[in-house]
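Consider the following exercises on a single protein chain. Each task is followed by a solution in steps.

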Amino acid sequence: MIQRQKLQGLGRMLRAFDSSRKGFIGAFREEAAFRQELLFACFATPVGIWLGHNGVERALLVAPVLLILIVELLNSAIEATVDRIGLERHVLAGLAKDIGSAAVMLSFILLGVLWLLVLGGR
């Protein structure tokens, strides 16, 4: 078995940043949901910063917006992996995609709950 040499230090970090860059570009190019949620984040983030009275409130308003993007990236990765394995319909493939979608939905619910709690408590 041939093992490739693992990079360490700065080389590893640079490769990781490049992989992340490729991931963002790929998600933006291939996933309409990610583009829509990114657009939403471009509006919701400044609004959350503006509406928050202090650092804690701003964090509570902005963090779930970023969490939505994170969960959508993971959901897109699951979908891409399932599609790579095979495009035929399978119960487990559908379940994996549905669970990923549910995670995105829960992150939106979290956003709504936090915004209501922070802004409604005034």
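**Exercise 1: Burial and surface**

Task: State what percentage of the 122 residues in the chain is buried.

Solution: In this predicted model, buried residues account for 25% of the 122 residues. The next step concerns the surface. The accessible surface of the chain is about 9100 Å², and carbon and sulfur atoms contribute 69% of that area.

**Exercise 2: Overall form**

Task: Determine the order of helices and strands, and why the chain is described as more spread out than a compact globule.

Solution: Begin with the secondary structure. The chain contains 4 helices and 0 strands, in the sequence order α-α-α-α. The radius of gyration is 18 Å, whereas the globule rule gives 14 Å for 122 residues; the chain is therefore more spread out than a compact globule. Along the principal axes, the C-alpha atoms occupy a box of roughly 60 × 45 × 25 Å. Finally, consider the contacts with a separation of 6 or more: 66% of them join residues 24 or more positions apart.

**Exercise 3: The largest nonpolar core**

Solution: The core comprises 11 residues, including Ala-27, Phe-34, Leu-61, Ile-68 and Trp-115. Helix 3 gives the largest share, 4 residues.

Terms used
Residues are numbered from 1 along each chain as its sequence is written. This is a predicted model: local features need pLDDT of at least 70, side-chain atom pairs count only at pLDDT 80 or more; totals for chains, interfaces and linings use all residues. Side-chain values use heavy atoms; hydrogens and water are left out. A nonpolar core is a set of buried Ala, Val, Leu, Ile, Met, Phe, Trp, Tyr and Cys residues joined through side-chain atoms within 4.5 Å. Buried means under 20% relative accessible area, exposed over 50%, partly exposed in between (1.4 Å probe, protein chains only). Helices (H or I, at least four residues) and strands (E, at least two) are DSSP runs, numbered from the N terminus. The radius of gyration is taken over C-alpha atoms; the globule rule is 2.2 Å times the number of residues to the power 0.38. Contact means heavy atoms within 4.5 Å. Accessible areas come from the Shrake-Rupley method with a 1.4 Å probe; for residues, only the protein chains shown count as cover.
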